[in-house]
Amino acid sequence: MYTEFQKHLQQTLQEIKDAGLYKNERVIVTPQSSGIQVAGEKGNVDVINFCANNYLGLADSKELIDAAKKRMDERGYGMASVRFICGTQDTHKMLEKAISDFFGTEDTILYAACFDANGGLFEPLLTADDAIISDALNHASIIDGVRLCKAVRYRYANGDMADLEKQLQAAQAQRFRIIATDGVFSMDGNVCPLDKIYELAQKYNAMVMVDESHSAGVVGKTGHGVTEQYNLRGKIEILTGTLGKAFGGSVGGFTTGKKEIIDLLRQRSRPYLFSNSIPPMVAAAAIKTFEILTRDNKLQDILHENTKYFVEKMTAAGFDIKPTQSAICAVMLYDARLSQEFAAALQQEGIYVTGFYYPVVPQGQARIRVQLSAAHTREQLDKGIAAFIKVGKQLGVLK
């Protein structure tokens, strides 16, 4: 059987390559940071990194590394078990409290990744009698989580409150309703209109779930996410998020919110019940992250300043930039092959970015997604902007 299946796979892979959609992975040989080295045919190459989710520059933080080393000495390497059997340490409970305190929520549950948090969220809470109203541009993990649930599914156009209201009206036929949305939509960088979503939820008796993966640590005056930005701290029933972006860039996800919701997830959420606990060293480093973010707002302030500077300069240069309220700057190129050629040419200029194209974004919406960090220096930003302009002129994107 595999001989036939192998031919099918080879043909499919060739079709992906022919369409210019094949993804190649580049190898980093240094710690993740604003400046890294990637492996090349003639040796390692220094580049400025503009495509990591390392928003606050904490991925190589000495404070986090020291905290992880210390806890590994104290509590070991791994848990070798799921939480309810023998996989819960004091470190995990400390991290859950730190997350709850950060977001102003009642309780928190940890997962191996936010993909698991979203994938294991809806099925334990809702039945075929209930409804999920989901933004059309929600992350794949939310989409998959919704698919695993028997609730009636509604979808509204991205950030379109008139459409959301229409779907909420239709969903009155169901018992319970949850509106599900990304806090920041990762491909465009736009923030969900949570204030308006909350108003409609109140009007039509619905709950709200927000994925804070790209917004926590970034959005809001002090980086506490979209609930801070819209003055809704503690009012949203469910928040999910990751430790893999602003909060140190490691692994691990979480759901935080109303205590009864979290309690039921501990009893019935399959990714939680059947996956090992995150390692103690990861939890300890994450705890240190929240200590740093509670100490002051220096990193968030630098990030906001860097983002504003980069977007203004790129827009002035003539690039087509999606409106953004986050640290994500989508440089629109529309053509998949062009996005790959542009990214490859930028790497020759010492700028490390990635072209995004279908199926990661819709057909005809290819782009280079630039992600700013508090670790970027003004010199690095200027070098990146200059390289974009040079390559843009070479490839006919700029005149």
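**Figure 1. Cys329 is a buried cysteine.** Its relative accessible area is 0%. Buried means under 20% relative accessible area, exposed means over 50%, and partly exposed lies in between (1.4 Å probe, protein chains only). This is a predicted model: local features need pLDDT of at least 70, side-chain atom pairs count only at pLDDT 80 or more, and totals for chains, interfaces and linings use all residues. Residues are numbered from 1 along each chain as its sequence is written, and side-chain values use heavy atoms, with hydrogens and water left out. Which cysteine sulfur is closest to that of Cys329? It belongs to Cys51, and at 13 Å it is too far for a bond. A disulfide is a covalent bond between the sulfur atoms of two cysteines. Here the cut-off for a disulfide is a pair of cysteine sulfur atoms within 2.5 Å. A search of the whole structure finds zero disulfides. Cys86 is exposed, with a relative accessible area of 52%.

**Figure 2. Three strands make an open sheet.** The order is S10-S13-S12, and the pairing is antiparallel. Strands S10 (328-334) and S12 stand at the edges. Each has a single partner strand, so one side of each is left without a neighbour in the sheet. Helices (H or I, at least four residues) and strands (E, at least two) are DSSP runs, numbered from the N terminus. Two strands pair if DSSP finds at least two bridges between them. How many bridges join S10 to S13? There are six. In one of them, Ala330 has Arg369 of S13 as its bridge partner.

**Figure 3. A cis peptide bond joins Tyr358 to Pro359.** Its omega is near 10°. Pro359 sits in the loop between S12 and S13.

**Figure 4. The largest pocket has a volume of about 770 Å³.** Lining it are 26 residues, and the closest to its centre are Asn24, Arg26, Val353, Thr354 and Gly355. Two or more lining residues come from each of helix H15 (336-348), strand S12 (355-356) and strand S13 (366-371). H15 gives the largest share, five residues. By class, the lining has 12 nonpolar, 10 polar and four charged residues. Ala, Val, Leu, Ile, Met, Phe, Trp, Tyr, Cys and Pro count as nonpolar; Asp, Glu, Lys and Arg count as charged; the others, Gly among them, count as polar. Pockets are found on a 1 Å grid over the protein atoms alone: a pocket is an open set of points with protein on both sides within 12 Å along at least five of seven lines, where a cavity is a set of points where a 1.4 Å probe fits but cannot get out. Lining residues have an atom within 4 Å of a point. Grid points are joined across faces, edges and corners, and a volume is the space filled by probe spheres set on the points.

**Figure 5. The second largest pocket has a volume of about 650 Å³.** The largest share, four residues, comes from H7. The lining divides into 13 nonpolar, five polar and eight charged residues.

**Figure 6. Ser141 lies in helix H7.** Is Ser141 buried or exposed? At 2% relative accessibility, Ser141 counts as buried. Asp163 is 22 residues away along the chain, and the two C-alpha atoms are separated by 22 Å.

**Figure 7. Helix H4 spans residues 90-103.** Its 14 residues reach 20 Å from first C-alpha to last, close to the 20 Å expected at 1.5 Å a residue. The expected span is 1.5 Å times one less than the number of residues. The buried residues of H4 include Leu95, Ala98, Ile99, Phe102 and Phe103. Just after H4, Gly104 takes a positive phi of about 70°.

**Figure 8. Asn205 and Asn231 each have a positive phi.** For Asn205, phi is near 55°. Asn205 is in the loop between helix H9 (194-203) and strand S7 (207-211). At 59% relative accessibility, Asn205 counts as exposed. Asn231 has a phi of about 55°, although it is not a glycine. The loop that holds Asn231 runs between helix H10 (226-229) and strand S8 (238-242). Asn231 is exposed too, at 65% relative accessibility.
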